[in-house]
Amino acid sequence: MTTDRTKRRTRIPALITSLGIAVIVAGTGCGGQGNDAGKSAPKAVPPVDFASEIRPIFASRCFKCHGPDPEARQAGLRFDVREDATAALKSGARAVVPGEPAASELLRRIRPSDPSKRMPPPGAGEGLTDDETNLLRRWIAEGAPYGEHWSLRPLARPALPVVPGATGIRDPIDLFIAERLNAAGLAAAPEAGPEVLLRRAFLDLTGLPPTPEETDAFFADTSPAAFERLVDRLLASPRFGEHWARWWSDLARYADTKGYEKDDRRTVWPWRDWVVRAFDADAGFDRFATLQLAGDLLPGASDDDRLATAFHRHTMTNDEGGTDDEEFRTAAVVDRVNTTGEIFLGLTVACAQCHTHKYDPITQTDYFRLFALFNTTADADREDDAPVLSVRPAPVAARIAKRREELAAESRAAARDPGAAAAVDRPLLDDELPRGARVHVEGFGKTWPWTDLAGTSPPQSGRRSFGGGGAKAGPRQTYLTDLPEPIRVAADDRLYVHVFVSAAAPPDEIVFQWFSAEDGWAHRACFGRDTGAYGGQEGTASRRRLGPMPEAGRWTRLEIDPATVGLLGRTVTGWAFSQSGGEVWFDAAGLRTNAARRIAAELANLDRPDPADVRVPILAEQPAAERRKTHRFRRGSFLDPAEEVAPGLPAILTKPGDAPVVDRLELARRLFAPDNPLTPRVLANRFWERMFGTGLVETLEDFGVQGAPPSHPELLDHLAISFREGGWRLKPFLRRIALSAAYRRAATTTPAALARDPKNRLYARAPRPRLDAEQIRDQALAVAGLLSPAIGGPPVFPPQPAGVWSIIYSNDDWRTSTGPDRYRRGLYTFFRRTSPYPAFQLFDAPPRDVCASRRLRTNTPLQAYVTLNDPAFVEAAQAFARRVIAETRGGADARILRAYRLLFQRAPSDLEASRVAAFVAAETASFRADPSRAVKAATDPLGPLPAGSHAAEFAAWTLAASALLNLDEALTRP
Amino acid sequence: MTHDHDDDDEQVRRPAADRADRAEHADLADGPPPPPGPNRTTASRRAFLASAGFSLGSAALASLLGCDVRSPSVAGTGGRGAVPAGTDRPSHLRSPHFPPRAKRVIYLHMAGSPPQQDLFDYKPKLNELDGKPCPEELIKKERFAFIKGRPNILGSPYAFARHGASGAYVSSLLPHTARIVDDLTIVRSLHTDQFNHAPAELFLHTGGNRPGRPAAGAWVAYGLGTENRDLPAFVVLNSGGKNPSAGKSLWGSGFLPSEYQGCQCRSQGDPVLFAGDPPGVDRDARRRTLDLSADLNRAAFAAEGDPEIAARIAQYELAFRMQASVPGAFDLARETPETLALYGADPARPSFARNCLMARRLVERGVRFVQLFDHGWDVHGTSPGDDLMTQLKTKCAETDRPAAALILDLKRRGLLEDTLVVWSGEFGRTPMNEARDGSKYLGRDHHPHAFAIWMAGGGLKNGLVYGETDELGYRIVKQPVHVHDLQATMLHLLGLDHERLTYRFQGRDFRLTDVAGRVVKDLLA
């Protein structure tokens with residue numbers, strides 16, 4: 001383990017030394033100022049640490065007027081730079097005189113004899129406490145050394161603590177935790193019971209509770225490695241990716257609408273599915289991030305790489321009339337800068353948009369360097385969300401792949417058997433219109449005149465034909481254009497169509513017309529007398545008379561030689577069926593062709609865009625010649641540009657000799673470069689928070705001087721290095737955390753322990769965070785046996801109260817999904833920014849207008865209404881009750897046991913069982929007295945009970961199920 | 001003076017909690033002491049707990065039995081400053097910074113923005129120049145939402161007259177408002193930075209033009225807490241058939257904890273989402289189900305010791321009480337026919353009138369901030385559905401009587417003296433006829449440079465007409481009041497210093513007035 005304990009103890013001076021800053025060792029210069037430092041034996045007191053002890057005082061009390069921002073700076077004094085803090089001021093005084101507290105104006109001003117001269121001035125903030133004053137005095141006495149802010153210090157591998165008498169150490173993580181617990185005199189809680197560990201690991205890693213089978217499998221495994229094996233199973237579960245994609249969606253501000261006033265829909269769910277797959281594949285967070293920030297810039301970028309860049313197209317766009325596209329394009333770029341800074345660097349750069357950061361060393365120019373990196377993409381707040389990537393939904397891709405296989409098989413068969421290669425019909429139109437074609441109807445009403453010729457004749461083939469007409473003279477026609485699978489015509493092919501001429505009212509003329517790109521509609525085949533109704537030159541391909549009116553009262557197959565209508569070598573994309581007066585029906589039209597050609601044509605068509613393909617907004621760079629220049633905006637306004645700024649990183653993230661960062665791809669590489677300490681610290685902290693409810697740095701989003709300092713700095717660095725050295729792979733990293741003793745502790749606490757560490761910052765016990773909004777619903781659906789296992793695809797619309805979507809400028813309706821889509825996991829619920837799903841919103845889901853690092857966990861009475869009364873939860877309680885009754889034999893005890901096993905993976909205590917049993921007995925009696933109430937409680941909205949059931953019994957168990965689903969234990973991760 | 005009968009009088013005008021009490025409440029995760037007892041199965045639960053062998057102190061046991069559910073004493077973490085783990089309470093909730101003049105707010109927002117030239121800002125010059133091209137300098141460098149080219153001046157088609165002792169001008173569209181001008185403070189010199197609905201509405205209510213910041217009501221609830229623990233502190237009611245353009249971001253809590261977000265009560269059906277018990281579950285069954293949950297939760301609390309469990313029990317109890325108090329608070333059947341007639345409210349029909357009456361009932365019960373939005377004021381003049389001659393008349397007819405009735409009703413109940421009422425749009429409208437695509441209907445485009453609002457109630461100078469625009473009503477020439485100034489003034493009346501009511505987020509101290517705003521002292525009594 002550690003070889004040099006002293007070295008670790010004095011880590012800060014060591015680090016500072018490594019930065020080439022002189023360090024005055026503790027003990028020197030302390031004597032003179034006497035009241036506190038002098039009392040301690042000099043060697044026992046470590047020197048004051050600037051970063052963790054002094055800088056926070058400056059940040060909270062002084063930086064506002066004496067910090068990095070030159071515009072806000074008073075008296076030319078700044079405390080964030082040592083040279084300035086120690087320089088002579090106009091008055092001649094020096095705020096900080098290293099080694100000489102008595103000469104330092106700073107100490108005089110925070111404790112002046114005249115209270116009106118106090119710093120910070122009365123009204124600008126509270127005065128410094130005695131402790132803070134003493135700390136400053138000691139620090140000055142020690143020579144006033146400066147150090148870098150903790151989060152910017154290079155990552156150095158901390159030595160592992162030696163903790164005498166430490167027990168139950170499973171991972172180095174536990175040593176860091178034990179060291180602090182020992183120092184605080186707190187005892188760690190014992191390991192939680194297996195049922196708690198099971199539920200905890202399931203909820204943290206997959207977001208769902210275990211199924212009964214999974215519970216049984218875990219309890220059946222009696223080896224010491226059972227929990228380890230469980231964690232491995234969970235990391236490999238397809239539910240893992242869904243759970244973490246939902247988490248990432250808050251950071252990425254993923255939504256299914258564009259935001260702002262109109263808040264129209266946007267198709268971007270394929271990105272969400274990409275994220276699910278990426279978490280499951282776990283190819284490294286560096287790759288995950290790089291693809292999303294700059295997948296389009298990778299050499300040989302695939303469509304999947306480009307799809308990842310939709311990450312930064314989740315910015316809002318404003319489609320309202322009269323808005324300035326440039327204003328909102330700029331707002332989107334600003335959001336990309338802020339989001340990138342927050343997620344990967346923990347830097348709240350937002351304020352630097354308008355002015356140099358008041359607290360962190362980020363200038364406004366730094367901000368616009370980052371801005372420049374994002375300012376040259378082609379998107380520009382356009383209504384069509386261009387540029388977009390066409391993405392083929394998985395079911396369509398599967399259908400096409402299957403068809404391709406079929407065609408390959410047919411092709412092989414045709415090759416084997418020349419007889420099979422003879423002419424075959426390739427139908428264009430029989431009982432269905434070709435998918436994706438544009439449909440036109442003239443003279444028949446508004447829709448395609450399908451008919452089964454009832455009472456006249458059956459269709460020539462299939463279920464139906466089309467056409468008709470009436471006594472009225474004059475032209476009528478139906479036609480198709482923009483055929484998605486155009487027809488290429490060879491010399492020995494024949495166009496065919498079946499016609500049925502009415503005996504009672506035969507038309508004067510029937511005409512078939514084809515549309516080619518080259519000649520338009522100038523391809524007509526005419527039957528009957530020339531009525532001149534459809535144009536063209538009689539006797540030419542544009543009006544070729546091919547015969548008399550076919551015999552009435554029966555189906556006739558007409559075959560047209562393409563040469564006669566000028567279609568040789570043409571590509572047909574439109575076909576019209578026209579008549580002059582009378583009644584006629586058509587059926588089964590298409591191309592009679594050679595089998596090999598038919599297969600080849602269809603294969604070619606399979607490569608064309610499919611109408612079901614979706615268009616996902618992505619990032620793409622502007623062409624070099626059009627690339628935007630970036631200017632600093634005065635006070636952040638896009639209407640007030642100042643000097644031009646070149647792309648790059650903020651100065652704090654660069655060092656002399658670094659290659660310039662000129663594009664997003666280089667930015668992504670630098671985020672994950674070995675010399676960047678911020679990204680690994682920030683990410684390791686985010687994952688820790690997901691597993692422990694609170695980050696080692698509580699402000700996940702802010703690692704700057706205004707953010708919280710880490711509770712366990714060495715542990716954070718240890719984890720950051722571990723994550724980086726593990727190839728940025730998430731699953732092994734989470735596995736380490738999950739298998740630590742700290743993660744496995746019981747959550748049980750006592751008033752005394754609570755008083756010692758109310759926020760559990762020392763991790764003596766496990767946290768009990770409330771489940772996230774989506775988890776609460778997913779869990780209810782899962783234990784009810786309703787949850788759909790489907791992964792991915794377009795968003796769904798589970799029931800929500802009527803009227804929630806009455807939004808201005810939008811006639812968009814919430815059409816409640818039916819079937820399994822009613823019961824999908826929460827991450828698939830349609831997310832409308834101006835009106836998020838109410839049950840999620842009430843449980844603190846953010847609106848996803850901007851990046852959200854943390855969800856505040858509130859506890860409000862309105863949440864109780866969701867889990868008690870929302871029809872989705874009522875339905876789940878009814879199904880849960882039915883499931884418990886169906887899956888058990890015997891009395892109430894067996895049912896209660898089953899319910900507890902399903903929901904809590906444990907048996908109820910005797911007291912719990914008897915209390916629930918008494919409740920069910922009383923409620924059953926009460927419902928018996930009022931059967932109609934019982935039926936409502938047991939079936940609305942889930943539906944009728946199984947035949948022969950007693951409604952009162954089901955109603956009573958429904959209420960019990962609802963009570964259990966509302967328990968703190970159900971709403972909380974144990 | 002007529003007072004309506006209210007069969008739940010005990011809830012009405014509950015005295016404000018004293019400062020210490022409020023401060024304590026604000027810090028705690030739980031709700032208030034519950035009201036005198038509904039039908040509880042206390043005996044059986046006592047037996048259950050006794051048999052569970054709980055070894056809690058008597059105070060804690062009392063609290064668990066529903067006598068007092070203040071969690072810190074339950075958890076044993078001591079003092080009133082204790083914040084139970086995991087509740088994310090902001091640590092610096094405050095009493096007012098100085099003695100307030102108003103304790104609550106009713107904000108009447110005419111969403112879409114009424115034309116000030118046709119209601120409060122009388123401009124005879126417009127009628128003189130009616131139909132003539134507007135002066136070139138008005139449209140130079142100006143961005144309009146819809147106006148193109150050089151538009152024509154549009155005089156108001158409605159007559160103006162002076163009213164009340166103050167002699168304030170009000171148009172013939174607002175006869176009821178005209179009768180109460182001496183109770184109003186009319187400001188004709190509001191101006192904003194935004195000229196599209198959603199950003200301007202956000203700017204007015206949250207201080208920022210994009211979604212994500214807390215609404216004024218959330219700030220006030222955060223700063224002052226609530227006076228009735230059976231109802232939300234910040235309630236939103238909408239009329240006109242649509243939500244306002246910017247949607248729920250207008251009453252969001254932004255980065256404040258979400259318990260401060262506006263509680264949008266619906267104008268039809270259940271006023272609170274999901275507050276109704278499911279079919280087949282009556283009040284007694286609900287009570288017994290909650291008793292079951294509470295008993296099982298108490299057992300968990302005894303085992304786990306997590307104060308959040310006690311907080312959860314308390315919130316379920318508050319939810320139960322709200323189920324009782326919300327329908328009462330919203331039940332207009334309890335109002336006399338005289339009051340219904342005063343407002344012109346039909347209890348069965350959603351309307352602005354109904355919402356005004358609701359607002360009075362809510363503030364009467366201690367709700368801190370009631371926000372009304374009435375949709376349909378965006379009078380561009382592209383059709384009779386959005387023009388000055390038909391739509392504006394309709395909107396005025398729908399809102400004039402109830403808004404005036406609200407002032408009269410608050411006054412006769414003694415509530416107006418410490419209730420602040422504000423009536424406004426989100427921006428003004430142009431003195432020019434929009435005539436989009438040559439429309440023959442009269443209408444006005446969006447105009448951020450000047451608009452007129454009125455305020456009434458606690459701490460304001462009554463009968464004051466403040467601010468002045470130029471003779472065309474295009475620009476302010478005297479006493480401009482920026483939206484941030486209005487916000488600062490509202491907070492000031494509530495006893496809050498807009499520069500001190502802050503919340504740290506993303507490394508910055510945010511406030512409602514962003515980085516600007518001044519209290520308009522001229523408006524204060």
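In chain A of this predicted model, α9(A), residues 194-205, packs against helix α12 (residues 238-251) at an angle of about 60 degrees, with the two axes 8 Å apart. Here, helices are DSSP runs of H or I with at least four residues, strands are runs of E with at least two, and both are numbered from the N terminus. Axes are lines fitted to C-alpha atoms (for helices, over the stretch in contact), with angles running from 0 to 180 degrees between N-to-C directions. α9(A) and α12(A) are therefore oblique to each other; angles under 35 degrees would be roughly parallel, over 145 roughly antiparallel and 65 to 115 roughly perpendicular, with the rest oblique. Leu203(A), Asp204(A) and Leu205(A) of α9(A) touch Phe240(A), His243(A) and Trp244(A) of α12(A), contact meaning heavy atoms within 4.5 Å. Those residues split into four nonpolar, one polar and one charged. For this count, Ala, Val, Leu, Ile, Met, Phe, Trp, Tyr, Cys and Pro are nonpolar, Asp, Glu, Lys and Arg are charged, and the others, Gly among them, are polar.

A cavity is a set of points on a 1 Å grid over the protein atoms alone where a 1.4 Å probe fits but cannot get out, and lining residues have an atom within 4 Å of a point. Of the 13 lining residues, the closest to the centre are Asp204(A), Arg690(A), Pro769(A), Gln775(A) and Arg857(A). α9(A) and α21(A) each supply at least two residues of this lining, which by class has three nonpolar, three polar and seven charged residues.

Most residues other than glycine have a negative phi, and most peptide bonds are trans. Arg253(A), not a glycine, has a positive phi of about 45 degrees. A cis peptide bond joins Met119(A) to Pro120(A), with omega about -10 degrees, and another joins Ala386(A) to Pro387(A), with omega about 0 degrees.

Residues are numbered from 1 along each chain as its sequence is written, and chains are lettered from A and ligands numbered from 1 in the order written. Local features need pLDDT of at least 70 and side-chain atom pairs 80 or more, while totals for chains, interfaces and linings use all residues; side-chain values use heavy atoms, leaving out hydrogens and water.

Key: On a 1 Å grid over the protein atoms alone, a cavity is a set of points where a 1.4 Å probe fits but cannot get out, and a pocket is an open set with protein on both sides within 12 Å along at least five of seven lines; lining residues have an atom within 4 Å of a point.
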